[in-house]
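Me: I have a model open and a few things to go through. Can you take them as they come?

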Amino acid sequence: MLLSRGRRSPSCESQPHIVEKTGSMSQSLVFADLTPEEMAQVVRYLRGNLGVQLVDASRAKPSDNCIASVDVQVPAKAEVLRFLDGGGARPPREALAVLYFGNQPDPNVTEYVVGPLPTPVYHRDVTVQKYGGKVPYHRRPMLGSEYKQVGAFLEMMAFAAAPTFLKEVFEYDGTNAAFQTTAPHGFQSGDRKSWFIMFQNVSGFFVHPVGLEVLVDHSSLDISRWAVSRVFYNGQYYRDMVQLESAYVQGRISVEKVRKVPQDGDFSSMKPRAPSAALFPLQYEPQGPRYSVRSNHVLFQAWSFAFGMSVSRGLRLFDIRHKGERVAYEISIQEALSVYGSNCPGGMSTRYMDGSFGIGRYTSPLVRGVDCPYSATYVDTHSLSETLSPSKKKASLCIFEQNLGSPLRRHYSNLQSLYYGGLVNSALVVRSIATVGNQDYIWDFIFYQNGAIEGKVQATGYTSSSFLHGDGLRYGNRVWEHTLGTIRTHSINYKVDLDVGGVKNSLVAHDMAFEMTRAPWSPEQQIERPRLTKKVLDTEDQAAFRLQSKMPRYIYFAANSKNKWGHQRGYRIQITSFAGDHVPEASSMERAISWARYQLAVTRRKEEEPTSTSIYNQNDPWTPTVAFANFINNETITNEDLVAWITTGFLHIPHSEDIPNTVTVGNSVGFLLRPYNYYDLDPSIYSHDGVFFTSEQDFTACDINPIACLPKTASCLPNFPPFTYDGFQNMSRL
């Protein structure tokens, strides 16, 4: 053990923050999320100018009018580029408001663009323009108030018909049941029938099924007309709760009693089973952050970009530049899809489309030192969803530079000359974590010093489960006494609008093939040598690669300009995925998730095709509001503004190690965007972090080897701020 005596190490001193040109930061505000004040102004305008009463969505009945959400309306790309690059006027700042009109003869969902902000004076209905017609009311995503109303219906009406069964089998007392719903809600357009799965109301309830599932028809706008359509218990179906009660009282039910667990969930508790011991390693910045965050603009070494948080789709980036040149206009999450299997009705009918619930809406406050490094920069986000007032999520986005603990590149030479050259792999990470029901998605965008960008998602949270009965092991693994961890696929879709050397690009594929040749110096001998294959993909059909099909290993967006060596400058798309199979295309709902047919599809960029899916697809996948398959219509994609739609994912077969909950290890997928002949050489050679010394140099001297100076330059105590967390007050209104 080493004991330090005498002087205490000094505190780390921050370097002066990077000074940005005012223009770059203020220009990025064209993409900025709405401020709470702007959201409040939009609500005030809508309440005063639509001529109808708007009820607070948190208390709304299906038969009311309400504001479901308000988000920023990002201007058209052409307008933005005129402003950013051509000295044009700043586009007007506008909001997109989604409203439910249940209190009128023709109930529907309407989308309004409201502007200009901060003081709106106009609104225009863009629903027909966006979707080709009105959005039927049954397609609306369920509000939290509707879930509460169904819960009240179950407890007050449905369960009242089976008091003996519930009391004797579950010891039901009105407080010890939790419910998880399924989606979509039925089998055809217009259906709104949901299976509600009953669990013990304890910590980690998702893995405590009790065997009872109830199908509720809540399609009527009159809550008094809601009804139970079917009941399932322990492998048997019943007409309603009355029939279940009758069968139980008459002794005609096979009862499987589930042991009542304590409030902490017992095996599902995430409370550590071991006491704290030696502290885990921490990262710190000896001279302060080497990046800057101003409003929605980030600057890191040669990188700059704007960030935002969509209510439905989550984290998104705009105007991504390296060495001052735009390489991508937009990189954004589009959808997270889960398709479940089970021999219970709720599980087998579940196809969650998390964008409908709100990936951004359910972005959770981050825990310092666990969710992100302790010294990261934490950013608050604001949203307006299912209420008349904005809400603030404190510290729900983090930005940090991370030393990945390995070299980005290196070489040790012991031939001819003796030297070492290397560069630490230090990258900037932008992260948010969305908790949608049982699932936690860790969303990262990572910026490397060699000009590469990585989009990555890691999945954790609780596994979803069914009650184990009958042939349940065909659909997963048993993970506890009565708990079946049910098989499911996870598919994640991204939009990547690359602008490589300008807006107009082509798509090029490089790969390899072996060719046989005679050795020129020994013609009787044969050599098999790999050679480069090249192909320009001219049409959208050629650029749509099915999920499990073979795709060229090098596929890139090519610019109209060339590098010093005569090659088209490009950015390559490299996908990491362990996706399960896609839903068969014969399925009546497949077109709603047809983006998941493709591991990669490149299409012409169109303002009328801003997203690969719609929040309305979840509740009416049989007549999808947006069908991605329609985007691919064999248009030419040579020298056009192009968008890459990337699907990545994994198959999850839950196992005993998913208890208490799922780890991120092995559950990480995503994509890389890598420069491919974009530069004349690796741009990271210009990094200030490089290390080089020869056998003839004094590698202990600071001016030769900066690593040798660490005892002086990094022997300081990091200034860790006090730990705070606002995650349990995150629903408070501003």
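Me: How many bridges join β23 to strand β24, and do they run parallel or antiparallel?
Reply: Four bridges join them, and the two strands run antiparallel. Keep in mind that this is a predicted model. β24 spans residues 483-486.

Me: Which residue in β24 is the bridge partner of Arg 478?
Reply: Leu 484 is the partner of Arg 478.

Me: What is the strand order in that sheet?
Reply: The order is β22-β24-β23, in an open sheet of three strands with antiparallel pairing. The edge strands, each pairing on one side only, are β22 at 465-467 and β23 at 476-480. On average, neighbouring strands of this sheet are turned by 40° against each other, ignoring direction.

Me: Switching to the core. Which residues have the most contacts inside the largest nonpolar one?
Reply: Those are Ile 320, Trp 443, Phe 447, Ile 573 and Leu 600, in a core of 59 residues.

Me: Which strand gives the largest share of this core?
Reply: Strand β15, residues 325-340, with five residues. There is also a second, separate core of 27 residues, and Phe 159, Ala 177, Val 210 and Tyr 233 are among its members.

Me: Back to Trp 443. What does it touch, leaving out residues up to four places away in sequence?
Reply: Its contacts include Leu 315, Ile 333, Ala 336, Ile 359 and Val 430. Trp 443 also touches Arg 431, Lys 456, Ile 492 and Tyr 494, among others.

Me: Where does UniProt put the domains?
Reply: An unreviewed UniProt entry places "Copper amine oxidase N3-terminal" at residues 140-235. The annotation "Copper amine oxidase catalytic", also from an unreviewed entry, covers residues 283-685.

Me: And what is the helix and strand content over residues 140-235?
Reply: That stretch is 24% helix and 30% strand, with its end C-alpha atoms 32 Å apart. Over residues 283-685 the figures are 2% helix and 55% strand, and the end C-alpha atoms are 24 Å apart.

Me: Last one, Phe 357. Which helix is it found in?
Reply: Helix α9, residues 354-357.

Me: Why does Phe 357 count as partly exposed?
Reply: Because its relative accessible area is 21%, and buried means under 20%.

Me: What is Phe 357 in contact with, apart from neighbours within four places in sequence?
Reply: Tyr 147, Ala 183, Tyr 352, Tyr 362, Val 436 and Gln 618. Ser 426 is 69 residues from Phe 357 along the chain, and their C-alpha atoms are separated by 35 Å.

Conventions: Residues numbered from 1 in each chain as written. Predicted model: local features only at pLDDT ≥ 70, side-chain atom pairs only at ≥ 80, totals over all residues. Heavy atoms only, no water. Core = buried A, V, L, I, M, F, W, Y, C linked by side-chain atoms within 4.5 Å. Buried < 20%, exposed > 50% of the residue type's maximum accessible area, 1.4 Å probe, protein only. Contact = heavy atoms within 4.5 Å. UniProt positions renumbered as here; feature names shortened; annotations may be inferred. Pairing = 2+ DSSP bridges. Axes fitted to C-alpha atoms, helices over the stretch in contact; angles between N-to-C directions.
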